[in-house]
Amino acid sequence: MTGVYGKSTREYLDAAGSSLFPNYRQFPVVFTSGRGSRLRDTDGKEYLDFVAGIATCNLGHCHPGVTRAIVNQAGRLVHVSNWYYSDVQAILAERLTSLTNLDRVFFCNSGAEASETAIKLARKRSFEKYGAGRNLIISFYGAFHGRTMKALTATDPKHHLEAFSPYPEGFVHIAPGDIENLEGHLPSASALFVELVQGEGGVNLIDRDFLLKAADLCRKEDVLFMVDEVQTGMGRCGALFAHQVYGIEPDVMTLAKGLANGFPIGAVLAKSDLAAALGPGTHGSTFGGNPLACSAALATLNILEAEDLPRRAQAAGKRLRGGLEKLMEKYPSLVKGVKGLGLLMGLELSQPAAPFVQTLLEKGYLVTAVAETTLRFTPPLTISDIEVDSVLAALDETLAESSG
Ligand SMILES: Cc1ncc(COP(=O)(O)O)c(C=O)c1O
């Protein structure tokens, strides 16, 4: 009997298996607690976490500073309607907008909602300025922007099930690097929507020179250059935001995942002349900017800064990359490449990655598989050198077993 509900692992699995929608392919592991880079399941087994809730618990699990902020805020005020302001939301908004050139923020609850908001903002701004017709949203093959209908339509078409038809109109995908195609679409576009590193698409870095050219063309055509930093943001790529590593200034940026270290929140930042397109009554959210979420986000930002975690992501990412490159040399037939930025890192394999995820799980290491053949590593930014070395050793062992 374990967990605060006093059931056995089997009982939790049966309860979940018979009650939840079957939409996730889930591992039969039931977690009950976490601290730093470690998670514990109902059998008392400990795991080293290189998933971090998919690039979300960037400060590690249950960082005491975030927990304290949530507990304190829960004792003061949990929720208030956006008909009113709250102290903590005002302070978080001011803080977030002081970190970039984007001087307005809208709060929502997830990455998909942030994508929806950005798309609506781009369309409305274009409509008001140019009338109907310049509404196209351009995104990339390999992109992932969320699961709601517009965010899904901007996502790579391989995620588009016919059964969800009809999809919204006014979206087009181009290959990263295809400047000619981009130029062709810009006159009818309201925005180019970009992940600088495609996390779900296989940890693919989009070429900086291409992006600089693309951003320049967007500016000339008065098309918004919008970056999706849901996965790359909050220190993960070695700077607070990945666009700072790239040296590219977006017009609009979306955030979620790591923004409140696991407490649900999303945000869209934009320059004030653009944000003006979403005037009163045009968009909103009951929970968006909820005081509890804002207190967690404010604490997260404070800790990221105080502990200099973007720099830690650089150093730990370098160590992880170095180790993965050695494994690539050691297992040339199994490992095809190492890619990523900071602590958003991928190991490209010559075969499906899922069995490796399973074996590593059994050994007590959590990693994810993306784009079929890529193992993705997104540990908390607080990960220690010893923990990085430990996953590398487990991976070495797993690759050795697999190569026979
Ligand atoms: C880049 C990117 N954008 C948007 C999303 C959607 O975020 P959410 O799952 O919070 O809706 C994700 C989720 O993986 C993501 O990686």
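This is a predicted model: local features need pLDDT of at least 70, side-chain atom pairs count only at pLDDT 80 or more; totals for chains, interfaces and linings use all residues.

**Domains first**

I looked up the C-alpha centres of domain 1 and domain 2, and they lie 26 Å apart. The assignment puts 9-59 + 308-402 in domain 1 and 64-306 in domain 2; such bounds come from an automatic or database domain assignment. Residues are numbered from 1 along each chain as its sequence is written.

**Where the domains touch**

I checked the contact next: 25 residues come from domain 1 and 27 residues from domain 2 (contact here is C-beta atoms, placed from the backbone, within 7 Å). On the domain 1 side, H2 (52-55), H12 (309-330), E13 (335-341), E14 (344-349) and E17 (374-377) each supply at least two residues. Helices (H or I, at least four residues) and strands (E, at least two) are DSSP runs, numbered from the N terminus. H12 gives the most to that side, with five residues. By class I get 14 nonpolar, nine polar and two charged residues there. For the classes, Ala, Val, Leu, Ile, Met, Phe, Trp, Tyr, Cys and Pro count as nonpolar, Asp, Glu, Lys and Arg as charged, and the others, Gly among them, as polar.

**Helix H5**

That sent me to H5, residues 111-130: its 20 residues reach 28 Å from first C-alpha to last, close to the 28 Å expected (1.5 Å times one less than the number of residues). I found 14 of the 20 buried, so H5 is largely enclosed by the rest of the structure. Buried means 20 or more other C-beta atoms within 10 Å of the residue's own, exposed means 12 or fewer, and partly exposed is in between, with C-beta atoms placed from the backbone. Just after H5, glycine 131 takes a positive phi of about 80°.

**A four-stranded sheet**

Last, I traced an open sheet in the order E1-E2-E3-E15, with mixed pairing. Strands pair if DSSP finds at least two bridges between them. E1 (31-35) and E15 (365-366) are the edge strands, each pairing on one side only. E3 (residues 46-49) and E15 run parallel, joined by two bridges. Aspartate 49 stands opposite leucine 366 in E15.

How values were computed. Two residues are in contact if their C-beta atoms, placed from the backbone, lie within 7 Å.
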